[in-house]
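The sequence and the model come first.

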Amino acid sequence: TAAPETSDLTAAPSGWTGSNVTITGSVTDTGGSGVKGYYYKCAAADGFTFSAGPSISFPCSSTGGQTASAYGIDNANITDGTPSSVSYYVDKTAPTTPAINASPSGWTSGNVTISAGSAITDAGGSGVSGYYYRCAAGTAWNLSAGASISFTCTGTGGQTAESYAVDGAGNPDTTPSSVVYSRDTAAPETSDLTAAPSGWTG
């Protein structure tokens, strides 16, 4: 007559992720009939699904902040009346990187500031973690925190600066924003002068 006991559930990974989550736990039975299995669901609005065995393990892919639940059942068909639950967080939507601009926009001898006119946005729920940027094509990416893009470039010649956002689940925007800037720090050279004619002249 004793109901089986469902352990606390664990979600892995425990924070925001861009992939599916695995929920684990276990069922024990002290009544003597043994564990038949468990019922589980990945979101409050879902129906329960049965799985055999005392070891709870099931994947969840519902996006956003969700609550997974499970409860055990024994071979006498007695169920645990208090399901265990755990929260998990899935974000599979990439953030959006705004267009970036160079200031000044033309040739300059000073440093160039690259910035965006609006903030990075994230629709998946995990929030904006930051952005990667670089001041020339083919160079290493640098990471900066925050939703407002702003960085300084010192490359010379005509260069292309790029930036892309990343969210709290690690999803990157796969279409970086870019802008061309032009910087010249070398002084021009003035040649020797020539007088014509070169001698005395009337």
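## Disulfides

A disulfide is a pair of cysteine sulfur atoms within 2.5 Å. This is a predicted model, and the structure holds two such links. Numbered in sequence order, the bonded cysteines of the chain pair 1-2, 3-4.

## The C42–C60 link

C42 and C60 form a disulfide, with their sulfur atoms 2.1 Å apart. The link of C42 and C60 is left-handed, at -85 degrees about the S-S bond. C42 sits in the loop between β5 and β6 (49–52) and C60 in strand β7, so the pair ties together parts 18 residues apart in sequence. Both C42 and C60 are buried.

## The C135–C153 link

The sulfur atoms of C135 and C153 lie 2.1 Å apart and form a disulfide. The link of C135 and C153 is left-handed, with -85 degrees about the S-S bond. C135 lies in the loop between β13 (128–134) and β14 (142–145), and C153 in strand β15 (residues 150–153), so this pair ties together parts that are 18 residues apart in sequence.

How buried is each cysteine of this pair? C135 is buried, with a relative accessible area of 19%. C153 is buried too, with a relative accessible area of 0%.

## Nonpolar cores

The largest nonpolar core has 16 residues; I23, I56, F58, C60, A68 and Y88 touch the most other members. Strands β4 (21–28), β5 (35–41), β7 (55–60), β8 (64–74) and β9 (84–90) each supply at least two residues of this core. Apart from this core lies another, of 15 residues, including F151, C153, A165 and Y181.

Beyond four places away in sequence, F58 touches residues including V21, I23, Y38, Y40, C42 and A68.

Terms used. Residues are numbered from 1 along each chain as its sequence is written. This is a predicted model: local features need pLDDT of at least 70, side-chain atom pairs count only at pLDDT 80 or more; totals for chains, interfaces and linings use all residues. Side-chain values use heavy atoms; hydrogens and water are left out. A nonpolar core is a set of buried Ala, Val, Leu, Ile, Met, Phe, Trp, Tyr and Cys residues joined through side-chain atoms within 4.5 Å. Buried means under 20% relative accessible area, exposed over 50%, partly exposed in between (1.4 Å probe, protein chains only). Helices (H or I, at least four residues) and strands (E, at least two) are DSSP runs, numbered from the N terminus. Contact means heavy atoms within 4.5 Å.
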